[in-house]
Amino acid sequence: MALTAIVCDASPARKALIREWCGLAGGRNLVTLLEVKDLHVSFPTADGLVQAVRGVSFDVEPGRTLGIVGESGSGKTVLTQTLLGLTPGAEVEGSAVFEGSDLLRLDEDELRHVRGEQISVIFQDPLTSLHPLYRIGWQISEMIRAHEKSVSKKEAADRSIELLRRVGIPKPETRVNDYPHQFSGGMRQRAMIAMALALHPKLIIADEPTTALDATVQAQILDLLLRLQQDSGTALIMITHDLGVVADIADDVMVMYAGRAAEKAPKRDVFYAPHHPYTKGLLESIPSSKAAGGRLKPIPGQPPSLINLPSGCKFHPRCGYVFDHCLSEEPVLHPVAERGAHTSACWLPANAAGLSAEAEELREQVVQAERGAEAAGVAAAALAELGVSGGEATAGETPADNEGSVA
Amino acid sequence: MAQRTQQDDDVLVRVENAVKYFPVKAGGFIKHTVGQVHAVDDVSLVIERGKTLGLVGETGSGKSTLARCVAGLIPVTGGKVFLNGTDITKLSRGAMRPLRREVQMIFQDPYSSLNPRRRVGAIIGDPFAIHRTATGAERKRMVQELMERVGLNPEHYNRFPAEFSGGQRQRIGVARALALRPKLIICDEPVSALDVSIQAQVLNLLSDLQQEYGLSYLFIAHDLEVVRHVSDKVAVMYLGRIGEAAPAADLYDRPRHPYTVALLSAAPAADPDTAAARQRVILTGDVPSPIDPPAGCRFHPRCPKAQEICARVEPPLVRDNSTAQPAAEGQPPDDSGQPATDVPGGWAHVTACHFPVVPGENLATAGAAAGSAGKGAVA
């Protein structure tokens with residue numbers, strides 16, 4: 001606990017030092033703020049069980065930013081809302097230890113003290129998250145007074161003005177009395193951030209905070225979040241579908257697909273040495289200046305239904321490197337780099353990471369070999385059935401035929 | 001007034017000084033107009049045959065209003081819109097009807113732009129019914145051909161939109177737009193509601209269709225990388241005016257308007273090194289109200305390079321001659337220089353700015369200095 005406090009107050013440079021020291025001491029988890037282990041969330045519906053989150057584990061350290069990336073329906077929002085008890089009716093398994101207590105085992109009263117005070121959330125659409133009939137200042141004051149009973153109305157109002165000033169709202173003394181509709185989209189999101197900061201939380205969960213905003217306003221908001229985080233040492237979970245946002249502000253990245261982590265790594269590894277074919281596909285399908293005017297490389301097909309998931313690896317129907325093993329068994333996260341921080345849930349060998357031609361060749365070789373082995377197996381079995389021995393001669397030809405049918 | 005800078009054979013759409021104001025009403029029983037929203041204010045542009053003109057700008061910059069004026073969906077307050085040489089702003093409803101086949105739209109939200117209670121076959125077949133081009137079995141055959149062309153299973157003819165995913169619904173929208181073999185398709189944020197992996201599928205489809213049918217696109221999007229990918233020419237709008245227009249590569253590599261520079265620097269790049277190395281031009285404040293746009297250059301209250309003249313004199317949209325001789329700092333370029341004859345959408349790089357950004361200029365640091373100095377005067 002004491003160490004956590006030191007880290008919270010430390011400058012970014014010192015934090016890095018402390019983290020390194022903790023790493024050397026062999027206990028990365030010494031300073032972990034939030035530790036989610038094997039979280040499962042499912043919703044019973046008339047059509048069947050919707051398996052929104054299927055066994056996700058991750059850590060958040062103080063002052064760090066974790067980016068969670070995924071398409072709609074990948075479970076990224078359900079994941080974080082479950083931590084705060086915002087998914088009523090869901091069947092939840094696993095644990096989420098925040099500062100020594102398991103969030104999933106807290107009762108409603110205890111949870112209320114965590115929400116807003118310890119962990120606060122910034123939602124995507126600030127217009128629907130702010131009450132249209134109350135003044136902005138009142139809404140921030142209410143939040144302060146609900147948690148800190150000793151604060152007077154006057155003090156809370158003053159703190160609201162100070163918070164609005166901190167998030168860059170011009171003339172906060174007068175704007176504090178405005179209603180949400182009098183604010184522009186960017187200003188509303190700033191007001192939401194002010195509210196999230198009001199009680200000095202240790203962790204902020206930002207759920208697509210800039211998706212509804214214009215590019216120039218998005219830049220302002222990301223800049224603000226980054227600056228506030230550096231000032232206060234708050235940890236941040238940034239949920240987004242936009243890899244550009246992640247490239248900008250995350251330290252670590254978790255790529256989610258069909259309710260599971262497909263890949264988890266420090267930011268640079270995800271962008272420059274992606275291992276999972278889904279991560280690679282996402283990066284390649286973004287239009288960029290390098291490929292201007294040419295054809296994009298989309299990921300074929302569409303995300304699976306969470307009620308009726310495919311067998312084995314959930315990405316296999318859309319994957320270009322699929323072989324037999326992928327259809328039968330679902331891979332779990334395994335380290336793909338020496339340091340162990342970069343993990344990927346894919347059957348491809350650990351060294352087949354990256355966007356380079358060599359990595360691509362290696363992947364192709366592995367897939368060829370696997371498919372060849374399958375074909376040989378099938379051929380041998382067929383020959384054995386016919387009572388013919390020595391299937392080596394035919395096995396050499398079959399991979400080529402087989403490739404055509406698979407691709 | 002007619003500007004003939006290009007062969008008319010190449011030009012499908014020519015917009016001349018289009019103006020669109022929306023009245024702001026007040027009062028209880030007796031409504032009276034208290035102001036005008038200057039949604040589109042004196043915009044000229046051309047869209048060439050078989051090419052794509054990208055239109056970028058923030059919310060409220062007038063992109064969608066301009067697109068609707070081009071499609072003839074809303075009447076213009078002033079100016080002319082020529083489609084294939086015919087001014088559509090003066091036509092009666094009946095005379096307009098055959099021309100409507102030439103221009104179709106694809107909308108942003110694939111959920112709200114399809115009637116949930118009608119079957120997909122009927123939705124895509126509507127254009128044939130409205131224009132009485134095909135009936136019965138023939139219509140069904142044509143619809144199924146279209147479905148196949150955009151990558152939908154023709155056997156799903158009798159399904160409802162709810163049975164399709166977001167990407168597939170957008171394909172339904174594309175098929176409907178394609179039905180009457182239009183010459184121009186207006187794409188209003190066609191991929192912004194889609195996931196990244198699906199977005200690429202739809203963009204590839206649009207580019208295939210363009211080559212196959214020689215379509216022209218007016219492509220509106222807020223994602224600058226998407227616009228760069230699909231567009232031949234790009235025009236940047238700010239508060240109802242075009243601030244800069246150029247061939248796509250030219251605009252992205254050598255932006256000259258400070259707003260374009262800020263917009264490009266604000267776009268998120270999916271590359272950590274680029275993101276870290278880039279110096280963002282963070283604009284202060286929000287877009288001013290289009291009811292009462294600022295005098296002079298409309299961007300001047302937020303511009304890091306703004307000077308006294310910018311608040312008084314509106315800069316004309318003129319051709320880029322900076323490569324030959326960059327304008328000296330602090331000196332407005334010679335007014336008698338280039339006349340504003342280059343229409344956005346053509347091959348010239350045109351900019352409406354008194355002090356265009358020169359290559360190599362660092363607006364991020366310049367903004368910090370000039371911005372703090374100029375802010376007092378502006379605010």
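Two residues are in contact if their C-beta atoms, placed from the backbone, lie within 7 Å. Residues 323-341 of chain B also have a pLDDT below 50, with 16 contacts in the model beyond near neighbours in sequence. Where pLDDT is low, the predicted coordinates should not be read in detail.

Residues are numbered from 1 along each chain as its sequence is written, while chains are lettered from A and ligands numbered from 1 in the order in which they are written. Local features need pLDDT of at least 70 and side-chain atom pairs count only at pLDDT 80 or more, whereas totals for chains, interfaces and linings use all residues.

**Confidence**
- The average pLDDT of chain B is 84, and 88% of its residues score at least 70.
- For the model, ipTM is 0.78 and pTM is 0.81.

**The sheet in chain A**
- An open sheet of four strands in chain A has the order β2-β1-β4-β5, with antiparallel pairing. Strands (E, at least two residues) and helices (H or I, at least four) are DSSP runs, numbered from the N terminus; two strands pair if DSSP finds at least two bridges between them.
- The edges are β2 (48-60) and β5 (101-102) of chain A, each with a single partner strand, so one side of each has no neighbour in the sheet.
- Strand β1 (residues 34-45) and strand β4 (residues 91-98) of chain A run antiparallel and are joined by seven bridges.
- A:Glu91 in β4(A) is the residue opposite A:Ser42.

**Two helices in chain B**
- Helix α3 (residues 120-130) and helix α4 (residues 136-149) of chain B have axes that come within 9 Å and cross at roughly 115 degrees. Axes are lines fitted to C-alpha atoms, for helices over the stretch in contact, and angles run from 0 to 180 degrees between N-to-C directions.
- α3(B) is therefore roughly perpendicular to α4(B), a word used for angles of 65 to 115 degrees (under 35 is roughly parallel, over 145 roughly antiparallel, the rest oblique).
- Among the residues that meet here are B:Ile124 and B:Phe128 in α3(B), and B:Val143 and B:Leu146 in α4(B).

**Where the chains touch**
- Contacts link 33 residues of chain B with 37 residues of chain A.
- On the chain B side, α6 (196-213), α7 (224-230), α9 (258-266) and α10 (272-277) each supply at least two residues.
- With seven residues, α6(B) gives the most to this side.

Notes: pLDDT is the predictor's confidence in each residue, from 0 to 100.
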